[in-house]
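Subject: Handing over a structure, with notes

Dear colleague,

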Amino acid sequence: MLLNKELIEENNNSYLANHKRNYEYIAGGINNLDDLIKKLADFQIAIPSWALGTGGTRFGRFSGGSEPCNLEQKIEDIGLLHALNKSSGAISLHIPWDIPANANAIKKLAAEHGLKFDAVNSNTFQDQPDQPFSYKFGSLQHVDKAVRQQAIEHNIEVIKQGEALGSKALTVWLADGSCFPGQLNFRKAWQNTYDSLQQIYAALPADWKVFVEYKAFEPNFYSMSVGDWGQSYLYTSKLGPKAYTLVDLGHHLPNANIEQIVALLLMEGKLGGFHFNDSKYGDDDLTVGSIKPYQLFLIFNELVEGIEIEKNTPLGAGAFGWMIDASHNVKDPLEDLLQSVEAIMITYAQALLVDRKKLAEAQNNNDVVSAQEILQQAFRTDARALVAEARLVAGGALNPLAVYRSEKVREQLIKERGIKTVATGL
Ligand code: LRH
Ligand code: MN
């Protein structure tokens, strides 16, 4: 199923007048407008290959039908998102859930949809059918060298898969840890994990990065061997210049100050990228900006300050992994992803509207009230017309969700694929 340009243009006509009014209203107050619109249009978000089907929990999974049941259909689905919002120009694969049968054919198909390959993800948190050693008690941390070696070889295999697709980064998230006090010698587990990561690091091509993703709990509930940003930073700072920390927004203990973590990782040059989502309690993997939109704004405020202002580099210049990691229990996966991309784009636009000069003055004068007013002035600005204009300029839909629904995309996919198809992934 394709959403061609003409169809989107035709649909835009019914929104154009309203958009032009909203756009002129906000554009009037912005001096570097063209630069801002270009930054938004250049900012590309990677869609996770494992989040195109219905997610679920141990209590149940309620499939919505026509899920993509192979990599080609997953690329087609992400191609639909990108045709609509022109901001979903990359796919992040998870191995072995999405092993490309023919890398060149997959690369060609992705290119036809305007998609690149962002970080590839290894998986040593599940046992594969023909696997000699179990990861029940961990992988890179495991007390048994043979289990660690198996996990190291898997990560090296994932790098090879990624190389064939043009990816430039490996994401390592470890479920490793312990469920009970006394189960693990923390230092031995750390040392085993570090030794294993060093062998994976040594296998990285010269222009590759490794993202070490941390998580406070689940599936282990007493300790995680990469449990917070400090532990990830301990690994990445010792591994070398190609190692970076990946921040999954749902992987923190309640009320963690994620924007401060981002500011410090940026300061150290060790921020690799993000898994954007939202959560109220644990790793809920909910729609980005659906629960804590102000936190997301404060994170983008640090990103714009630390990258665009201090390093004079647009966020979209490709140095970071901007990826979504979500799971859809009750929403149509594609509608959920459209909402997540929209939330990220609006938040980036708001962070670009912060009056940096005035904020620095307020901070230097300890004018706490003005500092808050300056930030909230931007956060309370309706930036939707700016994001819509960037889409329009890029040939996308002014209202992606409306086109998705008016064109009955899910219904058409069900006609093509049937109702019972199930996607690999979470
Ligand atoms: C772990 C995680 C990790 C992925 C998995 C799908 O919670 O965030 O990034 O490997 O989800
Ligand atoms: Mn993640």
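The notes below go through the ligand, then a helix, then the aromatic rings, and finally some points of the backbone.

Please bear in mind that this is a predicted model, in which local features need pLDDT of at least 70 and side-chain atom pairs count only at pLDDT 80 or more, while totals for chains, interfaces and linings use all residues. Residues are numbered from 1 along each chain as its sequence is written, chains are lettered from A and ligands numbered from 1 in the order in which they are written, and side-chain values use heavy atoms, with hydrogens and water left out.

The ligand

Ligand 1 is surrounded by twelve residues, of which the closest are His94, Glu213, Lys215, Asp283 and Asp325; a residue counts as near when one of its heavy atoms lies within 4 Å. Sorted by class, this shell holds four nonpolar, three polar and five charged residues, where Ala, Val, Leu, Ile, Met, Phe, Trp, Tyr, Cys and Pro count as nonpolar, Asp, Glu, Lys and Arg as charged, and the others, Gly among them, as polar. Oxygen atoms of ligand 1 lie 2.8 Å from a polar side-chain atom of His94, 2.7 Å from one of Glu213 and 2.7 Å from one of Asp325. Taken alone, ligand 1 exposes 300 Å², and the protein buries 96% of that, with areas computed by the Shrake-Rupley method with a 1.4 Å probe.

Helix α9

Helices (H or I, at least four residues) and strands (E, at least two) are DSSP runs, numbered from the N terminus. Helix α9, residues 293-309, has 17 residues and reaches 22 Å from its first C-alpha to its last, close to the 24 Å expected at 1.5 Å a residue, the expected span being 1.5 Å times one less than the number of residues. Because twelve of its 17 residues are buried, α9 is largely enclosed by the rest of the structure; here buried means under 20% relative accessible area, exposed over 50%, and partly exposed in between, with a 1.4 Å probe and protein chains only. Among the buried residues of α9 are Leu296, Phe297, Phe300, Asn301 and Glu308.

Aromatic rings

A search of the whole structure finds 19 aromatic pairs, a pair being two rings of Phe, Tyr or Trp (its six-membered ring) with centres within 6.5 Å, called stacked when the planes are under 30 degrees apart, edge-to-face when over 60, and tilted for the rest. The rings of Trp229 and Tyr233 have centres 6.5 Å apart and planes at 45 degrees, so this pair is tilted. Both residues lie in helix α7, residues 229-239, four residues apart, which is about one turn of the helix. Trp229 is partly exposed at 27% relative accessibility, and Tyr233 is partly exposed at 23%.

Phe276 and Phe300 form a stacked pair, with 5.7 Å from centre to centre and 20 degrees between the planes. This pair links distant parts of the chain, with Phe276 in strand β10 and Phe300 in helix α9, 24 residues apart. Phe276 is buried, with a relative accessible area of 0%, and the value for Phe300, also buried, is 0%. Phe276 and Phe300 belong to one aromatic cluster, which also includes Phe43, Phe274, Phe320, Trp322 and Tyr348.

Points of the backbone

Which peptide bonds are cis? The bond from Ile95 to Pro96 is cis, with omega near 15 degrees, and Pro96 is found in the loop between β2 (90-92) and α4 (103-112). A cis peptide bond also joins Glu218 and Pro219, with omega about 5 degrees, and Pro219 is found in the loop between β7 (209-213) and β8 (223-224).

Glu218, in the loop between β7 and β8, has a positive phi of about 75 degrees although it is not a glycine, and Glu218 is partly exposed, with a relative accessible area of 35%. Asp285, which lies in the loop between β10 (271-276) and α9, has a positive phi of about 50 degrees although it is not a glycine, and Asp285 counts as buried at 7% relative accessibility.

With best wishes

Note on methods:
Polar contact = N/O pair within 3.5 Å; in protein donor to acceptor, adjacent residues only side chain to side chain.
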